[in-house]
Amino acid sequence: MMIEAKPKLLVIEDDAGLQAQLKWAYEDFEVIVAGDRLQVIDCSQWDQPRVTGEVVLPAPAQDLVLDWPLAYAACGDAGLVELDLADAAAPRVMRRYDPV
């Protein structure tokens, strides 16, 4: 007897309580939660997304702008973070701009 794999659902939410509720609400899915790190996800196989690299931000990103190979993460009171994503396995923080 073959067990059928559940479809995957990617959730981007930093509130642990909401993460738990979403996992409960979507019990027919394998819920994958993007946590408090910026993660590079390879979606070339849409049914098998996988994290290829990640970097810790000073605070959860409230917004993200991608200008390949750079990304800019707005981290609220922690300011703006410029990231280099050229090496997907090892993304890195280039600069940090403090809020004025």
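Me: Where does V31 sit?
Reply: V31 lies in strand β2, residues 30–34. Helices (H or I, at least four residues) and strands (E, at least two) are DSSP runs, numbered from the N terminus. This is a predicted model, where local features need pLDDT of at least 70, side-chain atom pairs count only at pLDDT 80 or more, and totals for chains, interfaces and linings use all residues. Residues are numbered from 1 along each chain as its sequence is written, and side-chain values use heavy atoms, with hydrogens and water left out.

Me: Is V31 buried or exposed?
Reply: V31 counts as buried, at 15% relative accessibility. Buried means under 20% relative accessible area, exposed over 50%, and partly exposed in between (1.4 Å probe, protein chains only).

Me: What does V31 touch?
Reply: Leaving aside neighbours within four places in sequence, V31 is in contact with L9, V11, L22, K23 and Y26. Contact means heavy atoms within 4.5 Å.

Me: And how far apart are V31 and D67?
Reply: 28 Å in space, C-alpha to C-alpha. In sequence, V31 and D67 are 36 residues apart.

Me: Back to Y26. How many aromatic pairs are there?
Reply: The count is one aromatic pair. Y26 and F29 have ring centres 6.1 Å apart and planes at 80°, so the pair is edge-to-face. The rule: rings of Phe, Tyr and Trp (its six-membered ring) pair if their centres lie within 6.5 Å; planes under 30 degrees apart count as stacked, over 60 as edge-to-face, the rest as tilted.

Me: How accessible are Y26 and F29?
Reply: Y26 is partly exposed, at 38% relative accessible area. F29 is partly exposed too, at 33%.

Me: Which residues make up the largest nonpolar core?
Reply: Twelve residues: L38, V40, V55, L57, A59, A71, A73, C75, A78, V81, L83 and L85. The elements giving two or more residues to this core are β3 (37–42), β6 (70–74) and β7. A nonpolar core here is a set of buried Ala, Val, Leu, Ile, Met, Phe, Trp, Tyr and Cys residues joined through side-chain atoms within 4.5 Å.

Me: Which face of β6 is covered?
Reply: The one with A71 and A73. L70, Y72 and A74 are on the uncovered face. In a regular strand the side chains alternate between the two faces of the sheet.

Me: What does β6 pair with?
Reply: Strand β5 (residues 63–67) joins β6 through five bridges, antiparallel. β6 and β7 also pair antiparallel, over five bridges. Two strands pair if DSSP finds at least two bridges between them.

Me: How many residues are in those turns?
Reply: The β5–β6 hairpin has two residues between its strands. The β6–β7 hairpin has five, and G76 in that turn has a positive phi of about 60°.

Me: Which residue is the bridge partner of L70?
Reply: D84, in β7. That strand covers residues 80–84.

Me: D84, then: buried or exposed?
Reply: D84 is buried, at 15% relative accessible area. Not counting residues up to four places away in sequence, D84 touches P69, L70, P91, R92 and M94.

Me: What lies 3.0 Å from a polar atom of the D84 side chain?
Reply: The backbone nitrogen of A86.

Technical notes
Polar contact = N/O pair within 3.5 Å; in protein donor to acceptor, adjacent residues only side chain to side chain.
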